[in-house]
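The following paragraphs lead through one protein model, passing from individual residues to the fold as a whole. The sequence and the coordinates should be kept in view while reading.

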Amino acid sequence: DGMDATVPVPVPVLSLVAGGIGGAGNLDGVGTAARFNGLTGAATDGAGNLYIADNGNQTIRKVTLATGAVTTLAGSAGMTGTTDGTGVVALFRGPTGVAVDAAGNLYVSDSGNHTIRKVDVTTRAVSTFVGIAGTPGGADGVGTAATFNFPGGVAVDSAGNLYVADTRSNTIRKVVLATRAVSTLAGNAGMTGS
């Protein structure tokens with residue numbers, strides 16, 4: 001088969017970047033001094049930062065990978081809501097997935113609010129990007145005319161589109177970031193099957 005059986009197979013290296021093993025909480029700090037509570041999503045920005053949906057704390061956390069420093073970017077630990085604002089003024093209800101676009105903006109699936117929120121990582125300003133807080137659904141539309149039903153995982157492509165796993169609608173949704181137009185890419189809202 002042309003394979004040399006003596007060539008060693010590379011072994012992946014796993015290391016702890018931040019957080020303490022076995023201890024949930026909410027604490028900014030460096031490396032293992034930091035605490036999280038129910039992490040559900042993570043994304044890197046290509047500039048050495050990792051952004052995390054800290055679902056149990058209702059916050060978005062930032063890890064500077066070079067130093068292991070953890071800071072709270074947005075949200076207020078233990079408080080839920082729909083408030084847009086800056087830093088701890090902004091409130092989430094079940095942040096689940098995070099994705100970063102080419103301009104460095106962070107998109108958060110705010111599952112319990114049925115919305116996608118946008119976070120300016122420089123100013124820490126949070127705004128509702130698409131969806132209507134407290135209104136579940138599967139309607140396509142632009143901005144707040146579109147509805148989601150517990151959006152989960154999110155991803156951004158190089159063409160400026162955001163893809164959303166709309167969990168309870170059983171669909172994959174596409175959001176054009178430049179226009180905030182939401183369409184259903186795959187699946188049929190409210191219908192299950194394979």
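Asn170 counts as partly exposed, at a relative accessibility of 33%. The residue sits in the loop that runs between strand S13 (161–166) and strand S14 (171–176). The model is a predicted one, and in it the backbone of Asn170 adopts a positive phi of about 60 degrees although the residue is not a glycine.

With a relative accessible area of 31%, Arg124 is partly exposed; the class lies between the cut-offs of 20% for buried and 50% for exposed.

Is Arg173 buried or exposed? At 0% relative accessibility, Arg173 counts as buried, because the limit for that class is under 20%. The side chain of Arg173 reaches the backbone oxygen of Thr147 at a distance of 2.9 Å.

Which partners does the side chain of Arg117 meet? One is the side chain of Asp84, joined to that of Arg117 by a polar contact of 2.9 Å. Another is the backbone oxygen of Leu91, which the side chain of Arg117 reaches at 3.0 Å.

Val30 lies in strand S1, which covers residues 29–30. Its relative accessible area is 52%, so Val30 is classed as exposed, the cut-off being over 50%. When residues up to four places away in sequence are not counted, Val30 touches Thr67, Gly68 and Ala69. Gly56, by comparison, is 26 residues from Val30 along the chain, and the C-alpha atoms of Val30 and Gly56 are separated by 20 Å.

The individual residues can now be placed in the whole. The secondary structure of the protein comes to 15 strands and zero helices. The radius of gyration is 18 Å, close to the 16 Å that the globule rule gives for 194 residues, so the protein is as compact as a globular protein of that length. Along the principal axes, the C-alpha trace spans about 55 × 50 × 30 Å.

Among the contacts with a separation of 6 or more, 34% are accounted for by residues 24 or more positions apart.

The surface and the charges remain. The protein exposes about 9400 Å², and carbon and sulfur atoms supply 57% of that area. Its side chains include 11 positive and 12 negative ones, and the centres of the two sets lie 10 Å apart.

Terms used:
Residues numbered from 1 in each chain as written. Predicted model: local features only at pLDDT ≥ 70, side-chain atom pairs only at ≥ 80, totals over all residues. Heavy atoms only, no water. Helix = DSSP H or I, 4+ residues; strand = E, 2+ residues; numbered from the N terminus. Rg over C-alpha atoms; globule rule 2.2 N^0.38 Å. Contact = heavy atoms within 4.5 Å. Areas by Shrake-Rupley, 256 points an atom, 1.4 Å probe, with all protein chains shown as cover. Lys, Arg positive; Asp, Glu negative; His and termini not counted. Charge placed at Lys NZ, Arg CZ, Asp CG, Glu CD. Buried < 20%, exposed > 50% of the residue type's maximum accessible area, 1.4 Å probe, protein only. Polar contact = N/O pair within 3.5 Å; in protein donor to acceptor, adjacent residues only side chain to side chain.
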